[in-house]
Amino acid sequence: MSGRVLLGLALAALAAAPAVLPPFFVYLLALVLVTGLLATSLNLVLGYGGLYQFHHGVFYGIGAYTAAVGITRLGWPAWLAFLVGPLAAGLAGLVIGFFCVRLSRLYFGMLQLSLGSFVWIVALRWYPVTGGDNGIHGIPLPPVLQTLPGAYALVAGAVVASLAALWAVVRSPFGLTLQAIRDNPQRSEVMGVDVRAHQLAAIVLAAFFAGVAGVLYVALERSVFPSMLFWVLSLEILVMCLLGGWFTFSGPLVGAAVVVGLRTLAGRYTEYWTLVLGVLLILLIFFLPEGIMGHLQQRWNAHRAPSARPATAGDVRG
Amino acid sequence: MDAAAVLGQLVVGLSRAMILFIVSAGLTLILGVLRVPNVFHGSLYMLGAFVAWTVAEAVGPHPAGLWLALAAAPLVTAAVGLVLERLLLSRLYYREHLMLILFTFGVMLVLNDLVKLLWGPTYRSLVPPPSLQGAVTLLGVALPKFNLVLLVAGPLVGVGLWLFTHRTRAGRIARAAATDRDMVAVLGVDVSRVFGMAFALGCFLAGLGGALVAPTTSITLGMDHSLLIDSFLIVIVGGLGNLWGALAGSLLFGITQSVGLLVWPQFAVAFPYAVTAAVLLVRPTGLLRSAW
Amino acid sequence: MVGRRWSVLLLVGALAAASAVGAAAAPAFRFDRNIKVGVVDTYSGPPAVFGNDALNGFKLALQEINRDGVHGARIEFVTRDEKFSPEIGLSMARELVLQERVDVLVGTINSATALAISAFAREQRVPFIVWISKSEKITGAKGHRYVFSTGENTAMAGKALAEAMARRGYARFWLAAEDYEYGHAITNSFWRFMKRAKPESALVGQTWWRTGEPDLVPYLTQILQARPQAVFFGTGGAGMANVMRTMQVIGFAQRIPSAIHTAIDVTVLRPLGAAAPEGVFGTTDYLYYYPETPANRKFVQDFQAAYGSPPGFPAFHGYITGYFVAEAYRKARSLDRDRFVEALEGLRIPTPMGEVEMRGCDHQAVLPIIFGVTRRDPRFPHLVAGDPTILPGRDVMPTCEDIRRERERAQ
């Protein structure tokens, strides 16, 4: 099918990129992949789970910081640090999620925002371990990862594998139940589904994959920064999901590509790049609420056959 | 540690708590009535401070300048809020709730860059009139005279808000809408207009906070950041949408910090956050009953 | 053994031969392309005031240099705004090196960004000149072959202030600082040198507040109640304004002697105007009105003509950075990055503050430190440094041996 062909083409392009593109664009592509994985992991709870995950960046930061601290302060080998990072992020997801899932939507988001801010403050203040506002730089990695092609290969491979895993989760019975809960929590409850357990599991999974994105960031940049845990980044990831379309699987990836690309290009020509992002966001909310991929999908469906989905998917759930 | 020292620090902390209260009362009002955590609340606070500076500069050294600035700045931010609400935000009320939140984030990005465009990156100082310069010694503590203005302004705003929510029709409707908005709509009240008014009032308070803080600190880009986080935490600790919760949270914040300085100065900065965390772990929905 | 007269003759002969060769070769050698400098600094938000000042100084130097060029080449530059975020700064530096292919990186006001870019520069073997941020780690513990500093650092300022306070006999201190890289660096340095200058110095207590803390009254009143003999403040950049203004309002410096690096600096005192406190001890490495040497006067005149206001310390750093880059390429006669690094090591250039050397062992410019106390002066619209004294750079810098040990410890 055409979906398969597209997927194959995308994979081939990813594999060919380092040979074809100038080094800076290889780096940029790797950054898009890392950010895209981060946004896709958020979408598991946001788009598929319907939860107000307002501070997803915290898990990204925890994954990255765990790896960085493990390597530089504890002398772990890189593979161990890259394994423990996502696990630590998943554990943080379990703890924060445990407190949040008991609450209604807005309280869920606000409590997560405040709990996440503590993690951020710890990273910002605990100088001997986290390097405070400096972060940690020049993290030593095995020589093969210190080259751009090496780092790119790891990032591309891990992102593709993680996206495949997330796709499997979304299509699994667990993923379908999660979407059923999103659409009608009361009915799911009546049908004997443990709503909170499903939501908590989704948060832990999403946190784990955000942690994977975090350690990949370390592999790519060999640095970590406290701003990775700041709430502004978390809102930016939300914007990526909205931009790409949060009812599609590929939407967040597309949103991440647009935001990272715009930031790099607009940052070159204007210091008012946040103004550009803000205006774009407002326009999007009014004129393209289903996001880029959501819009394309709708047109595709309308073209082929009448769809069962409501035309304004972004509007129906309040 | 003598009692006078503690009392002195208490007074100092109280004046800080008043600013926090004024700003977070506005935030919690919008949150209670519209159920929107207004992310650009901090930007309006900053805008209020810059407008106050501009007005005070335009009037010159005359003492009336400061009072004019204190009056003008909140009116400007209320107008900005009202226009944004009527033109844009009100069209989103029937939409996915997350859209409202992201909309306010978009406005925050735009407003902050607009402030930079209009006032530039340098910081500004608003010098209070001579009668309010310098400090008074109170309980052995040097307290800036202007902080006395804050100590009066806080309770005034509190009383004003109480009168509004309990003695006026619009206020009662707003309060009812915060508890059960569907019921209010069924009663045939134009909820949308009440929403607009509550939003403008919330924005008014953000600007008032900014104007009141202007003479005590440097007016800079980025002054919204730490305040926004603090007032969000205060609102959560107090109970979303609860005005008196905002007061309780502000007092908790301002006083733990200033008195914490006497106990453990090196880590006083973390005190308010530690207290917030403790409260939330015991009572995840805040100290006082949330409005819904 | 050769007689003394012979050795003099030999030396003169050698010099003559060398200059003849130089004179013959110099016009023949030309660079085949222009030199490209990539500037990463903060151009938005409050710290942009410093970033723009440094850039103006740099531009002025390039105007002068490009009149004749460097071996036929012009020095060009591109700027990138890091928005005071090390994350953005690092990604901008990467773009400048990989995409714009700049020869030299220059920046930034943010110590955290400087350290992040420094790690990247080391990996890419690109020279990186730090011109405003003052963390001593940059050329100290985290220094390496490719990083240079053309600004004074926290080790120098801390030592100068500590010795001045020790001379005044203060021994019981309170340390109050902003909780970020620069605040920690300057406070640690001050206290380290205070203990060295006066071993009986005692710490009454310390306070840390977060950057951008709007209300410092509770912090300052608490220190007044603790009654130390003197206070050291570790605040910088935009955070200076709030401390200085709060000190003025509650009459802090009149009650307890206070020392702050950059307290006498024009970039701090000018925007504060009448809200600046008198009687604060401070240091800086550049003042446009002192010393009144012909070189300084000319720089101030040219700068004022070009940009409408007198230069602050970042402009001075930007200006000498331009000349260090030009002179190093003139000496290296090669666009090779390693040749540039070697040429810059130990280079001496004339500056508005007299001759300045780029020390070979740690790549730190040997800059003088000016000490003074803030004072009103009817001739100026802002407060000035009263009783200024100049401490030569070599007296306040850590020795090469100190640096070597620090780097070993950091390994």
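What radius of gyration would a compact globule of 292 residues have, and what does chain B have?

Reply: A compact globule of 292 residues would have a radius of gyration near 19 Å, and chain B has 19 Å, so the two agree. (That radius is taken over C-alpha atoms, and the globule rule is 2.2 Å times the number of residues to the power 0.38.) The C-alpha atoms of chain B fill a box of roughly 60 × 50 × 35 Å along the principal axes. Inside are 11 helices and 2 strands, both being DSSP runs numbered from the N terminus, with at least four residues (H or I) for a helix and at least two (E) for a strand. Along the sequence the pattern is α-α-α-α-β-β-α-α-α-α-α-α-α.

Two bits of housekeeping. This is a predicted model, where local features need pLDDT of at least 70, side-chain atom pairs count only at pLDDT 80 or more, and totals for chains, interfaces and linings use all residues. Residues are numbered from 1 along each chain as its sequence is written, while chains are lettered from A and ligands numbered from 1 in the order in which they are written.

Now for chain C. With 411 residues, a compact globule would have a radius of gyration near 22 Å; chain C has 22 Å, which agrees. Its C-alpha trace spans about 70 × 55 × 50 Å along the principal axes, and its secondary structure comes to 15 helices and 14 strands.

Chain C is split into domain 1 (35–152 + 292–366) and domain 2 (155–284 + 369–396), with bounds from an automatic or database domain assignment. Taken over C-alpha atoms, their centres are 27 Å apart. Where they touch, domain 1 of chain C gives 19 residues and domain 2 of chain C gives 16; "contact" here puts the C-beta atoms, placed from the backbone, within 7 Å. On the domain 1 side, helix H2 (48–68), helix H4 (111–124) and helix H12 (313–332) of chain C each give two or more residues. H2(C) has the largest share, 3 residues. By class, this side has 10 nonpolar, 4 polar and 5 charged residues. (Nonpolar covers Ala, Val, Leu, Ile, Met, Phe, Trp, Tyr, Cys and Pro; charged covers Asp, Glu, Lys and Arg; the others, Gly among them, are polar.)

Next, the sheets. One open sheet of 5 strands has the order E2-E1-E3-E4-E5 (chain C), with parallel pairing; strands pair if DSSP finds at least two bridges between them. Strand E2 (75–81) and strand E5 (147–149) of chain C stand at the edges with a single partner strand each, so one side of each has no neighbour in the sheet. Neighbouring strands are turned by 25° against each other on average, direction ignored. (Axes are lines fitted to C-alpha atoms, for helices over the stretch in contact, and angles run from 0 to 180 degrees between N-to-C directions.) Strand E1 (35–41) and strand E3 (104–107) of chain C pair in the parallel sense over 4 bridges, and Val39(C) stands opposite Val106(C) in E3(C). H4(C) packs on this sheet, touching E1, E3, strand E4 (128–130) and E5 of chain C, at about 170° to E3(C).

The other sheet has 7 strands, ordered E7-E6-E8-E9-E10-E13-E14 (chain C), and is open with mixed pairing. Its edge strands, E7 (202–209) and E14 (384–391) of chain C, each pair on one side only, and the twist averages 20° from one strand to the next. Strand E6 (172–178) of chain C runs parallel to E7(C), joined by 7 bridges; Ala177(C) has Trp208(C) as its bridge partner in E7(C). Helix H7 (217–226) of chain C lies across E6, E7 and E8 of chain C, at about 170° to E7(C).

H7(C) turns up again where chain C touches chain B. That contact takes 34 residues from chain C and 36 from chain B. On the chain C side, H7(C) gives the largest share, 7 residues. The residues of this side divide into 18 nonpolar, 12 polar and 4 charged.

Note on methods: Contact = placed C-beta atoms within 7 Å.
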